[in-house]
Amino acid sequence: MSDSDNRQVIGRKSFAAVAINCAAKAGEWIKTKVGGYSTLNHKTSHSDLVTEVDKGSENLIRSLILTHFPDHAVLGEEGVEPGPEASIAAINELKDAEYLWIVDPIDGTTNFVHGFPFFSVSIALAHRGEVILGVVYDPSKDELFIAEKGKGAYVRGRRMQVSREEKLRDSLVATGFPADRDGALLLNMRQLEAVAPRVRNVRTAGSAALHLAYVAAGRLSAFWEIGLNSWDIAAGALLIQESGGVVTDLEGNPYHLGVRDVVASNGAVHDELLKVLRSASAE
Ligand code: 2AM
Ligand code: CA
């Protein structure tokens with residue numbers, strides 16, 4: 001490596017430092033806007049919301065990333081047309097980029113709009129299709145969850161470990177109610193009907209990224225949701241993998257950037273949960 005290359009590397013911030021900076025800055029700003037947003041628009045349905053704060057947060061994150069890494073690609077929720085087709089096309093187009101940042105500027109916009117303090121900023125970095133860095137920041141609790149591939153996952157400076165439940169009957173499980181009321185929501189209701197009697201209890205708090213972070217931290221045994229987008233899942237999936245858990249699609253295939261129907265768990269209850277979910281899909 002030449003001297004000039006060396007100087008560049010030394011002067012560069014690490015990927016993790018940039019991700020933390022982006023999530024913290026955006027999160028703190030979002031928190032000041034709870035109850036104070038001015039424009040509320042609907043995307044695919046009456047329950048699929050977006051505000052100017054989602055867009056401002058994404059702009060802030062995008063410009064910070066590109067300041068440090070002008071050659072990297074950035075995929076953000078607000079840069080993609082609403083609806084599953086555009087989301088699938090966007091990730092397909094970008095997934096093989098050398099470096100791709102995948103950003104959800106507010107995950108849990110409905111909660112943000114209602115002042116329910118469970119929303120997050122989710123930022124992942126993929127290298128040729130593999131997630132190598134994930135940050136989920138919860139500004140309401142000032143909790144930052146971070147994982148780097150092969151280096152573990154941390155919250156508040158402590159290494160995270162998934163929970164130890166071995167059976168669904170001892171498990172606290174979360175799901176999310178999809179915005180697609182005529183399709184995904186109906187299947188989700190059948191799944192809920194199958195899962196609820198078999199677990200200790202079910203939670204549905206409204207931010208997929210934060211639910212995934214909670215599985216990583218051992219606060220939830222498992223989480224599933226259907227019809228999600230890459231930016232809801234990418235960072236949280238790495239948090240779980242680096243905390244000893246398992247992330248798959250509904251069929252049990254390992255997580256990849258194209259997964260939309262996600263099942264995530266501590267590993268021990270994974271097969272049991274998949275079986276129950278499959279029985280509901282088959283009905
Ligand atoms: P969002 O707030 O970034 O939109 C709630 O069940 C979870 O589903 C949240 O993570 C939310 O992310 C996501 N979500 C909401 N509407 C959605 C839609 N139309 N398609 C996919 N995911 C959606
Ligand atoms: Ca969002």
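Student: How many residues of domain 1 are in contact with how many of domain 2?

Tutor: Contact means heavy atoms within 4.5 Å. Here 46 residues of domain 1 touch 28 residues of domain 2. This is a predicted model: local features need pLDDT of at least 70, side-chain atom pairs count only at pLDDT 80 or more, and totals for chains, interfaces and linings use all residues. Residues are numbered from 1 along each chain as its sequence is written, and side-chain values use heavy atoms, with hydrogens and water left out.

Student: Where do the domains run?

Tutor: Bounds come from an automatic or database domain assignment. Domain 1 covers 3–159 and domain 2 covers 168–282. Their C-alpha centres lie 21 Å apart.

Student: What area is buried between domain 1 and domain 2?

Tutor: Interface size is often given as the accessible area lost when the parts come together. Buried area uses a 1.4 Å probe and is summed over both parts. The value here is about 2,700 Å², with carbon and sulfur atoms giving 67%.

Student: Which residues form a salt bridge?

Tutor: A salt bridge needs a side-chain nitrogen of Lys or Arg within 4 Å of a carboxyl oxygen of Asp or Glu. The count between the two domains is one. Arg219 pairs with Glu143, and their closest N and O atoms are 2.8 Å apart.

Student: Which strand gives the most to the side of domain 1 that touches domain 2?

Tutor: Strands (E, at least two residues) are DSSP runs, numbered from the N terminus. Several supply at least two residues each, including S5 (120–127) and S6 (130–138). S6 gives the most, with seven residues.

Terms used
Chains are lettered from A and ligands numbered from 1 in the order in which they are written. Buried area is the accessible area (1.4 Å probe) that two parts lose on being put together, summed over both. Helices (H or I, at least four residues) and strands (E, at least two) are DSSP runs, numbered from the N terminus.
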